[in-house]
Amino acid sequence: MTNKSVIQTENAPQAIGTYSQAVKAGDTVYISGQIPLVPETMEVVAGDFAAKTRQVFENLKAVCEAAGGELKDIVKVNIYVTDLANFATVNEIMATYFPEPYPARAAVEVSALPKGVPVEMEAVMVLS
């Protein structure tokens, strides 16, 4: 595929495995799972679940911007949490980052996430 390119920014955590922060194919950008790492330190952000969730959205935002888009260009987001009891917090914070109409979304409770974090998100963005 000749219209495929890798998106990389220092404003989001660097990949900690065999993946790219995002891959752009045509006008679609596939954003890898983001966890609440602070890009400058590569350490998990301090604080409660809400602080960690905000950091994940900030990381998604940085990757979107590096790809030439914004959070509002996301059409699908997958959210993984280790406890669905925290989902009301995700909804509350997500509403501060996304205007309506909201993207399509899936929310899944998982038993564990990288680095023991409580939340991870991946997304698909379409640039216009």
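**Helix α1 and its contacts**

User: How do the axes of α1 and α2 cross, and how close do they come?
Analyst: This is a predicted model. In it, the axes of α1 and helix α2 (residues 87–97) come within 10 Å. They cross at roughly 40°.

User: Is that crossing left-handed or right-handed?
Analyst: Right-handed, as α1 passes α2.

User: Which residues make the contact?
Analyst: From α1, they are F49, A50, T53, R54, F57 and E58. From α2, they are T89, V90, I93, M94 and Y97.

User: How do they divide into nonpolar, polar and charged?
Analyst: Seven are nonpolar, two are polar and two are charged.

User: Back to α1 itself. What does it reach from its first C-alpha to its last?
Analyst: Helix α1 covers residues 49–66, which is 18 residues. It reaches 26 Å, close to the 26 Å expected at 1.5 Å a residue.

User: How many of its residues are buried?
Analyst: 13 of the 18, so α1 is mostly covered.

User: And what follows α1?
Analyst: G68 does, and its phi is positive, near 90°.

User: New topic: Q55. Where is it found?
Analyst: Q55 sits in helix α1.

User: Why does Q55 count as buried?
Analyst: Because its relative accessibility is 15%, and buried means under 20%.

User: What does Q55 touch?
Analyst: Leaving out residues up to four places away in sequence, Q55 touches P36, L37, V38, P39 and V45.

How values were computed
Residues are numbered from 1 along each chain as its sequence is written. This is a predicted model: local features need pLDDT of at least 70, side-chain atom pairs count only at pLDDT 80 or more; totals for chains, interfaces and linings use all residues. Side-chain values use heavy atoms; hydrogens and water are left out. Helices (H or I, at least four residues) and strands (E, at least two) are DSSP runs, numbered from the N terminus. The expected span of a helix is 1.5 Å times one less than its number of residues. Buried means under 20% relative accessible area, exposed over 50%, partly exposed in between (1.4 Å probe, protein chains only). Axes are lines fitted to C-alpha atoms, for helices over the stretch in contact, and angles run from 0 to 180 degrees between N-to-C directions. A crossing is left-handed if the near helix is turned anticlockwise from the far one by less than a right angle, and right-handed if clockwise. Contact means heavy atoms within 4.5 Å. Ala, Val, Leu, Ile, Met, Phe, Trp, Tyr, Cys and Pro count as nonpolar, Asp, Glu, Lys and Arg as charged, and the others, Gly among them, as polar.
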